[in-house]
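Please examine the sequence and the three-dimensional model shown here before reading the explanation.

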Amino acid sequence: MKCEDLLRTLNDYVDGEIDPGVCDDFAEHLQGCNPCQIVVDTIRKTVSLYKNEQVYEVPLEFRTRMHDALRDRWQETHCGA
Amino acid sequence: MLVTRAKAGDYEAFDELVSRHERRLYALSLGIVRDQADAEEVVQSTFLSALEHLDGFREEAAFGTWVSRIATHAALKIIRKRRGLETVPYQEEPGDDEQDTPHPEYIADWRGDPAEITERHELRKLLDEAIASLPENYRLVFVLRDVSGLSVAETAQELGLTEANVKVRLMRARLALREKLTRAFGDESTRVVPDHTH
């Protein structure tokens, strides 16, 4: 497998959706290619950063406003207030 | 189970559900609509909808999955309205998915944990700038797949694309974001020059 081939199957490998035979070729290529290994690692880190919801902050003013609105609506629908 | 208690009339349980999912919904919404006011509108309307339809929630999927789908629909509706295209799906731009695979240029290990390297708000700013730099057709696929957690098939259905389109755009989005973030976090001393003949 050459670097070009690896790029084409990169997503499937990172997502664990690659055919086992291709996976073996991929892993073998990575063992001998430091740049590709770094690219795979940093792709994984990139996806992980964006998946980590703790990075995001809901603006405090909006959060307070939203929770108040939800509580009011709950009381209207559940207590007939 | 929080959902069971909320359905039984326990508001504190519903409030806890909101608290557990609001960050992810906000991130997902902001990633799609790219406007704070619109993202807030999406998140609030999503939880209001969840509140009003809680009795009908069959719990076949997780609560988080359910509200993610509601938020995704609401956010995409805003985008379509902006473009004046209420029902037209996201047509691929001609030849867009046929271009050569972009090659990584800046290849370097990331020094340490990015969250430790930068203050959290600086990290958010970097992530935000990077995702804002993506063309909309790549950004939407990335947000639906990697932030919202939709499958390839679900992402394709939401955006009116083929699964092949989704895979190509996702790869381009991930490579573009990786490139940008490596320029911020990369350890120059580990930088390697790509050999495109290898």
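Predicted model: local features only at pLDDT ≥ 70, side-chain atom pairs only at ≥ 80, totals over all residues.

Residues are numbered from 1 along each chain as its sequence is written, and chains are lettered from A and ligands numbered from 1 in the order in which they are written.

Chain B contains nine helices and zero strands; helices (H or I, at least four residues) and strands (E, at least two) are DSSP runs, numbered from the N terminus. Of the 198 residues in chain B, 39% are buried, that is, 20 or more other C-beta atoms, placed from the backbone, lie within 10 Å of the residue's own.

The domain assignment, automatic or from a database, divides chain B into domain 1 (2-82) and domain 2 (96-190). Their C-alpha centres lie 24 Å apart. Eight residues of domain 1 of chain B are in contact with nine residues of domain 2 of chain B, contact requiring C-beta atoms, placed from the backbone, within 7 Å. On the domain 1 side, α2 (11-33) and α4 (63-82) of chain B each give two or more residues, and the largest share, four residues, comes from α2(B).

Helix α9 of chain B comprises residues 163-185, 23 residues in total. Its first and last C-alpha atoms are 32 Å apart, close to the expected 33 Å, a span defined as 1.5 Å times one less than the number of residues. Because 18 of its 23 residues are buried, α9(B) is largely enclosed by the rest of the structure.

Terms used:
Buried ≥ 20, exposed ≤ 12 C-beta atoms within 10 Å, placed from the backbone. Contact = placed C-beta atoms within 7 Å.
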